[in-house]
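Morning, everyone. I'll take the ligand site first, then the sheet. Have a look at the model.

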Amino acid sequence: MTAPATPVSSAERFVDLHMHSTASDGLLAPAAVVAAARAAGLVAIALTDHDTLEGVPEARAAGEALGVRVVAGVELSAHEGDRELHVLGLHLTRLTVLEDRLVALRATRRTRAAQIVEKLRALGFPIELDAVWREAGAGAVGRPHIARVLIANGWAKDHRDAFDRLIGSGRPAYVPKQRLPLSDAVQMLHEAGGLAVIAHPGSDGSRSRLETLKRIGFDGVEVRHPSHTVEDIARLGTLADYLRLVPSGGSAWHGAGDGPRTIGNMRVPHAWLERQDALVRERTTSERVA
Ligand code: AMP
Ligand code: ZN
Ligand code: FE
């Protein structure tokens, strides 16, 4: 006989608020991501595909069937001078407003993928653009798709090798993404009813840096992420409280074959999601009053 499930207290419930699916460069379909979350014992996830919300309805439907809450999210790449910074939008509500703008960003991703393929061909790798389109399917195309084609043809050993030698920042086949100014990204997410969260700042997340980002309008900071050291996590957690930025975190899981990235392994407490919910409620109330 199976023992009845032990009720878990809020302190023992975990969430994963940074996940990718085939809607961008992940390997699993949105519904399969949610099923994996259920199997890992998570109570909620945020689907945060790059420059798209197209996976959200399917993930939501799966979440309703499986009892996993699905937060509508997105990961944008913004620029500040020459520096690229990732921005997570979480708890988005006005999805169609945002989706209209993301369509344009996805078109620039396709142009960039074609430019990267041209560079690779000039470097002596006869990669076919069609193979990249096949790898990306209907999803927002990104460098991980190009990396998979390079690997399949034996031109790179693995993802790391592909990025380190060819398509990573500053490497010979690198092409930067179109520039989306940081403040525009934040504004876009606010207009879509969501919170703007600084994604994986790592060692860059100093007090003065986070203060500057807070002034730009950021609501939160990703504290737990696989690229963060134990020291980063401790510092960012303290600074989040001090600067009144809501904490967030997740595995940035892309499916299998992601090395240290495993669904749910960032042990993000449900209490952090509750803090985000409280901030969203506060915003909605003040909007109604205003
Ligand atoms: P893109 O959106 O096309 O610029 O691709 C960015 C994605 O590529 C990131 O979200 C990571 O999943 C992956 N990526 C970036 N840098 C590396 C790297 N050095 N090694 C492996 N994967 C990387
Ligand atoms: Zn990704
Ligand atoms: Fe990122």
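Start with what surrounds ligand 1: D25, H50, R109, R112, G142, R143, P144, F163, K177 and H254. Keep in mind that this is a predicted model.

How does that shell split by class?

K177 has a side-chain N or O atom 2.9 Å from an oxygen of ligand 1. For H50, a side-chain N or O atom lies 3.3 Å from a ligand oxygen. For H254, the corresponding distance from a side-chain N or O atom to an oxygen of ligand 1 is 3.4 Å. How much of ligand 1 does the protein bury? Taken alone, the ligand exposes 500 Å², and the protein buries 73% of that.

Where does ligand 1 sit? In the largest pocket. Which elements give two or more residues to the shell around it? Those are α3, residues 95-122, and α5, residues 143-152.

On to the sheet. It is open, with 4 strands in the order β3-β2-β1-β9. The pairing is mixed. At the edges we have β3, residues 69-72, and β9, residues 268-269. Each of those two pairs on one side only.

A quick reminder here: strands of a sheet pair through backbone hydrogen bonds, either parallel or antiparallel.

So which sense do β2 and β3 use? Parallel, over 4 bridges, with β2 covering residues 44-47. And what stands opposite R69 of β3? That is A44.

To recap the two stops: ligand 1 is in the largest pocket, and the sheet is open with mixed pairing. Thanks, I'll take questions.

How values were computed. Residues numbered from 1 in each chain as written. Chains lettered and ligands numbered in written order. Predicted model: local features only at pLDDT ≥ 70, side-chain atom pairs only at ≥ 80, totals over all residues. Heavy atoms only, no water. Near = heavy atom within 4 Å. Polar contact = N/O pair within 3.5 Å; in protein donor to acceptor, adjacent residues only side chain to side chain. Areas by Shrake-Rupley, 256 points an atom, 1.4 Å probe, with all protein chains shown as cover. 1 Å grid on protein atoms, 1.4 Å probe; cavity = no way out; pocket = protein on both sides within 12 Å on 5 of 7 lines; lining within 4 Å. Sits in = over half its atoms within 2 Å of the grid points. Pairing = 2+ DSSP bridges.
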